[in-house]
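Here is a short briefing for a first look. Take the residue contacts first, then the helix packing, then the helix end.

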Amino acid sequence: MRRNLSDVGGWTIVEMYGEVDVYTVPTIKQYVIERLADGHRRFIIDLRGVAFIDSMGLGVLVGVLKRILTVHGELKLVITDANTKQLFALTGLRHVFPLYDSVYQARRTS
């Protein structure tokens with residue numbers, strides 16, 4: 001898994017590529033924890049470049065969301081892949097996470 005990190009208009013954006021699985025999720029979790037400690041509260045995780053997410057990956061996303069909500073922050077996900085969207089629908093997570101088709105759309109929608 002490869003990731004790009006940036007801050008745009010008050011949002012911390014994490015662009016992910018490859019697989020989100022048991023091997024890569026600790027990196028995601030640690031990064032968000034560090035950014036929260038630095039005072040960041042608004043996150044967008046861009047999953048457009050992700051080919052696979054396992055149950056551990058989904059679990060970490062839920063854990064990250066809970067951690068962000070405890071500090072009254074926001075987490076939005078960008079997903080365009082039909083299979084990934086279906087995974088979020090089947091697991092009921094599409095009702096938990098705000099899902100968007102682009103980072104621009106996520107940033108502009110409150």
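Val25 touches Val20, Met56, Gly57 and Val60, leaving aside residues up to four places away in sequence. Contact means heavy atoms within 4.5 Å. The model is predicted: local features need pLDDT of at least 70, side-chain atom pairs count only at pLDDT 80 or more, and totals for chains, interfaces and linings use all residues. Residues are numbered from 1 along each chain as its sequence is written, and side-chain values use heavy atoms, without hydrogens and water.

**Val25**
- Val25 sits in helix H1; helices are DSSP runs (H or I, at least four residues), numbered from the N terminus.
- Val25 counts as buried because its relative accessibility is 2%; buried means under 20% relative accessible area (1.4 Å probe, protein chains only).
- Val25 and Gly57 are 32 residues apart in sequence, yet their C-alpha atoms are 5.9 Å apart.

**H1 and H2**
- Helix H1 (residues 25-37) packs with helix H2 (residues 55-70) at an angle of about 10°, with the axes 10 Å apart.
- Axes are lines fitted to C-alpha atoms over the stretch in contact, and angles run from 0 to 180 degrees between N-to-C directions.
- H1 and H2 are therefore roughly parallel, a term for angles under 35 degrees.
- H1 contributes Val25, Lys29, Val32, Ile33 and Leu36 to the contact, and H2 contributes Met56, Gly57, Val60, Val64, Arg67 and Ile68.

**Around H3**
- Asp81 caps the N-terminal end of helix H3 (residues 82-90), with a side-chain oxygen 3.2 Å from the backbone nitrogen of Asn83.

Technical notes: Polar contact = N/O pair within 3.5 Å; in protein donor to acceptor, adjacent residues only side chain to side chain. Helix = DSSP H or I, 4+ residues; strand = E, 2+ residues; numbered from the N terminus. Parallel < 35°, antiparallel > 145°, perpendicular 65-115°, else oblique. Buried < 20%, exposed > 50% of the residue type's maximum accessible area, 1.4 Å probe, protein only.
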